[in-house]
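Dear colleague,

Please find the structure below for your records. My notes on selected parts of it follow.

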Amino acid sequence: MIFVGQCIVFKSKASTSQNSKETLIRWRVCHVNFHLKKAAVSDMCISEVADNISKPKVFSFNELYKRIKLASEVSSYDLPAEMSYSDKELVRIGRQTWIDKRDYKYQKLAPLTTESVINQYLYGKTSISKEIDELILSEKMAKDKDKDKDKDKDKDKDKDKDKDKDKDKDKDKGKRWLTRGVYYNALNRYIVFGCSINALLPTKLKNTGSNYFLPAAPGEDNVKRGRGRADNSKSLSKSIGVTQQHKEQFKQVLAFLNSKEGKKKFASFSYKKAVELYQYNFETSVVVREIDGIEVETRIPFEEQYCLSEEQITYHLKKLIDKKLYVEIRYGNIVYEKDYAARQGAAHDGVIGATHRYEIDATVIDSYVRYPFDVSGQYSMGRPVLYIVIDVYSTMIMGFYIGFDGPNWQGACQALINACSCKVKYAESIGLTIREEDFPSHHMPYQITVDNGNEHPDRVITSVLQSEVGVLGYNFTAVFRGDAKGTVESKFNTLNDTTIHFTPGAITKDLGRGEQHPSNQALLDYDSLRIEIFQTIMLVNNTADRLHRHDINAIRNNIDITPKALFVHSLKQEMNGGRDAKLIERGKIYWAFLPEETATVRADGIYFKGLVYYSDYAKKANWFSKAKHDKAFKIPVKRYKAWTNTIYHKTQDGQYIRFDLKNVNDESPFINQHWEPVLHLLEQFKDKRHKNRLNAKKLRIFKENLSQQLLKLNEQQISDAPENTRTSMQPGVKERQLQFKAIHQLMHQIELYENLSGSNQAESETYINHNQYDDLDEEMN
């Protein structure tokens, strides 16, 4: 079938007197007359570049069919894109002058653009010269009127200025079409390029200036373009023109600024700094001088006639730097991809229903938490990290975790455990009472999306999750790229705006100089913050508007518009109820999600992070006996940080063993606690023990000093005694012991008498003198 816009490509041999060569022909079917079974074609290889376009050639359908059979290619010909644009779009891309030129030509050509005139021109036996002559006559009459108007120009200068402006706006305006060739040329262009008004658009103008010769390197004829005559003699600036060498140097500057080394050296990007960097590296000469035996490099700038102006450098840098590259250089690739890159997909692409994919991400909370184990003051234990897990399909928050390390994979694991746990039991552990229907989140996901950090290689995690709990897919996104998990990122903003920013100790952007730091205002302790976040999550799950995510089934079932309603509906309709994690052994879930850690088995228990655990299994397996008689040994364990009461171990035969925290007589201060504040408390214990050791060291030294003084005093008292060389037991020990007891008893009685009588030492000496002691000694002997 022959149709307008059809492109027929073939090669034609053009013979000359000496030789023959092939020429590529690209016919475009410009017009079709089905009544005559003829069509007009034009060789676009010529028409695309010609200033004066020839009249299309007319062929019968049969001739064209034969040509099509011999053609190397038959397709549709694409006209310049601007010819399909609306006037509004042309104005937007800065083509208003094209519209003005087009409208002016169409105004002249309009009488010849009717279908009947075009058919007569292409297929008729008579020409349209008569119609063109009538148009020329009307143009001549209009020209005469223009002459009369020109006489009035001197009378009204203002009108003359307005008309000059109109002429400057479009040079074609004011010119009269007084020859047949002008009309034939315009009509041919109109037909060849689609028989529409946009066929008259001057699309060749977009290539204006593209054939400008750019020297390879600076030379004698390398004169700056612009004002100041061809030789630049009238310009104040004597700078040279831009060459290909300069443009390569511009690219080198930008490549350096966008490199790791460049960003390290220049923290922020500016065009001024880029210009200075170019001038320093490419518009200076290096002179090496020797000063005191040391070679010193000195850079000497070129003269102006060998340099580019700052305006030239800035202009060409801006041509090379689009907005995308500018942001990449200024903020870095990671920030660009996260905050500025264009994104067309949605977070729920490829998601079938609820629990099909969970997203996990973390952020440091903009609030300080009060330390709960010291109420002597209002002390802060820092800003915690909030991890949240979201069901991508319904956007329902499935679980969360608040920790003080990371953000890292270990914290994300804790959040996943919470997402798969019964929220009724979790609420009880933090002092709340809820119903199952308030927070129906205790299901295993099919896929998980997390940051692809080095600390959790996807090969290991995928194999463990699949083997333990059957999580088949594991989607990893780039590190620091929260935007790749768009659903969960929006939830952080919601939690910040509804809860965190309104708690005491919250960080505000407008903190004035001299105002109290938020860490001094921390009021909520860890447990209180957990309750606050938990209640906020329930509020969001039960009130957020997710009507735009309803499919036809959700609409027909008239479900509520909240994330929870969408989750429950999708879980039943698309996922057949999902996988209830309450039916899976807790040890298996812990072992699948949580990172592996190490505990030590000793004779009195299983030690882990400073706490002691016990298990009947360990006792029956003689672990404690082995540790006592051989030596302590280590075992792998996994813990859920929201609860210190238990840790889990997997034996070599596949059993999941629970170890319980030792709590003799309910005296353990660590029972029913969260690991984060307990770890803070244990660190505080370490600090107290350290201070105690330092104090003990001081006291020991003080005691040792007194002991040395006592030794010296006693040595002085017996310094005149002869050296004792006796080897057997000394005689008279018991007698001297009885004598000492009698003396000590007598002294005690005297001291008691003095205290009872209230007499002082001076009065007591009137009754008892030292000679009496000698008499007593004699009596005892």
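A contact here means heavy atoms within 4.5 Å. In that sense, and not counting residues up to four places away in sequence, G577 touches H443, L571 and K572. The model is predicted: local features need pLDDT of at least 70, side-chain atom pairs count only at pLDDT 80 or more, and totals for chains, interfaces and linings use all residues. Residues are numbered from 1 along each chain as its sequence is written, and side-chain values use heavy atoms, with hydrogens and water left out.

G577 lies in the loop between α21 (563-573) and β14 (579-580). Helices (H or I, at least four residues) and strands (E, at least two) are DSSP runs, numbered from the N terminus. With 32% relative accessibility, G577 counts as partly exposed; buried means under 20% relative accessible area, exposed over 50%, and partly exposed in between (1.4 Å probe, protein chains only). The C-alpha atoms of G577 and T355 are 9.7 Å apart, although 222 residues separate the two in sequence.

V32, in strand β2 (residues 20-33), counts as buried because its relative accessibility is 13%. V32 touches I2, F3, V4, K38, A39, F61 and Y123, again leaving aside residues up to four places away in sequence. Its C-alpha distance to V4 is 6.4 Å, at a separation of 28 residues in sequence.

Turning to the helices, the axes of α11 (residues 271-282) and α12 (residues 310-320) come within 10 Å and cross at roughly 115°. Axes are lines fitted to C-alpha atoms, for helices over the stretch in contact, and angles run from 0 to 180 degrees between N-to-C directions. The two helices are therefore roughly perpendicular to each other, a term that covers 65 to 115 degrees. Their contact is made by Y271, A274, V275, Y278 and Q279 of α11, together with E310, I313, T314, L317 and K318 of α12.

Finally, six strands form a closed barrel in the order β15-β16-β17-β20-β19-β18, with antiparallel pairing; two strands pair if DSSP finds at least two bridges between them. Neighbouring strands of this sheet are turned by 45° against each other on average, direction ignored. Strands β16 (residues 605-608) and β17 (residues 611-614) pair in the antiparallel sense over three bridges, and Y607 stands opposite V612 in β17. Helix α22 (residues 586-593) packs on the sheet, where it touches β18 (633-639), β19 (646-650) and β20 (656-661), and its direction makes about 80° with that of β19.

Note on methods:
Parallel < 35°, antiparallel > 145°, perpendicular 65-115°, else oblique.
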